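Here is a short report on one protein model. Look at the whole fold, then follow a few residues through it.

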Amino acid sequence: MLALSAAMVWAAGNVAMKGKLMGCDLTSLTAWQMTIGAVVLAVYNVFVGDWYAEWNTLSIACIAYNGALASAVAFMLWCYLIKHMEASKAAISSLAVPVVGIVSGIVFLGESLTLAMGMGMLLVFAGIVLAQKG
């Protein structure tokens with residue numbers, strides 16, 4: 001149920017962005033999105049989370065990477081896609097995320113590629129290509 005709810009909220013957000021927010025500057029939109037998201041998560045953390053954090057060079061680097069690059073830049077790129085493509089076709093491209101995860105695991109973590117994973121990646125790409133053309 002949680003995964004289905006997340007998918008529904010993600011889809012509704014994409015449609016709302018495409019319909020109402022695309023006249024906005026993408027940098028401003030991203031800044032507001034990240035700020036509101038951070039505030040919501042901070043409030044949530046007060047009630048259910050643990051405030052302990054071990055502050056060192058690695059944790060600060062991870063926060064900088066996840067906040068600035070992995071979240072903000074990725075969200076700006078996503079907004080750009082939504083602005084310049086049909087929302088349905090842009091959403092289909094997000095199906096490549098698991099493939100990127102598998103390849104990243106192989107390259108950066110030394111994980112192995114199985115025949116089933118390779119075939120699955122080919123099927124995902126074939127599905128994306130077919131959906132984009134249809």
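Is Cys79 buried or exposed? Cys79 is buried, because its relative accessible area is 0% and buried means under 20%. The model is a predicted one. Cys79 is found in helix α3, which covers residues 57-84. Now look for Asp25. Cys79 and Asp25 are 54 residues apart in sequence, yet 9.9 Å apart in space, C-alpha to C-alpha.

**The whole protein**

The protein has six helices and zero strands. From the N terminus on, its elements run α-α-α-α-α-α. The C-alpha trace spans about 45 × 45 × 30 Å along its principal axes. The radius of gyration is 18 Å, whereas a compact globule of 134 residues would have one near 14 Å. Buried residues make up 14% of the 134 residues. The protein exposes about 9,800 Å². Carbon and sulfur atoms supply 76% of that area. Contacts also reach across the sequence. Among those with a separation of 6 or more, 66% join residues 24 or more positions apart.

| Residue | Relative accessible area | Class |
|---|---|---|
| Cys79 | 0% | buried |
| Asn14 | 5% | buried |
| Val46 | 49% | partly exposed |
| Lys133 | 69% | exposed |

**Asn14 and its neighbours**

Asn14 sits in helix α1, residues 2-21. Which residues does Asn14 touch, not counting those up to four places away in sequence? Asn14 touches Trp78 and Ile82.

Val46 is found in helix α2, residues 26-48. This helix has 23 residues. From first C-alpha to last, α2 reaches 32 Å, close to the 33 Å expected at 1.5 Å a residue. Leu26, Leu29 and Thr30 are buried in α2. An α-helix has 3.6 residues a turn, so residues three or four places apart point the same way.

Why is Val46 classed as partly exposed? Its relative accessible area is 49%, and the class lies between 20% and 50%. Val46 also belongs to a nonpolar surface patch of about 810 Å².

**Lys133**

Finally, find Lys133 in helix α6, residues 115-133. Lys133 is exposed, because its relative accessible area is 69% and exposed means over 50%. Lys133 and Lys89 are 44 residues apart in sequence. In space, Lys133 and Lys89 are 9.3 Å apart, C-alpha to C-alpha.

Definitions and conventions:
Residues numbered from 1 in each chain as written. Predicted model: local features only at pLDDT ≥ 70, side-chain atom pairs only at ≥ 80, totals over all residues. Heavy atoms only, no water. Helix = DSSP H or I, 4+ residues; strand = E, 2+ residues; numbered from the N terminus. Buried < 20%, exposed > 50% of the residue type's maximum accessible area, 1.4 Å probe, protein only. Patch = residues over 30% accessible without salt bridge, like charges linked within 9 Å, V, L, I, M, F, W, Y side chains within 5 Å. Areas by Shrake-Rupley, 256 points an atom, 1.4 Å probe, with all protein chains shown as cover. Salt bridge = Lys/Arg side-chain N within 4 Å of Asp/Glu carboxyl O. Expected span 1.5 Å × (residues − 1). Contact = heavy atoms within 4.5 Å. Rg over C-alpha atoms; globule rule 2.2 N^0.38 Å.
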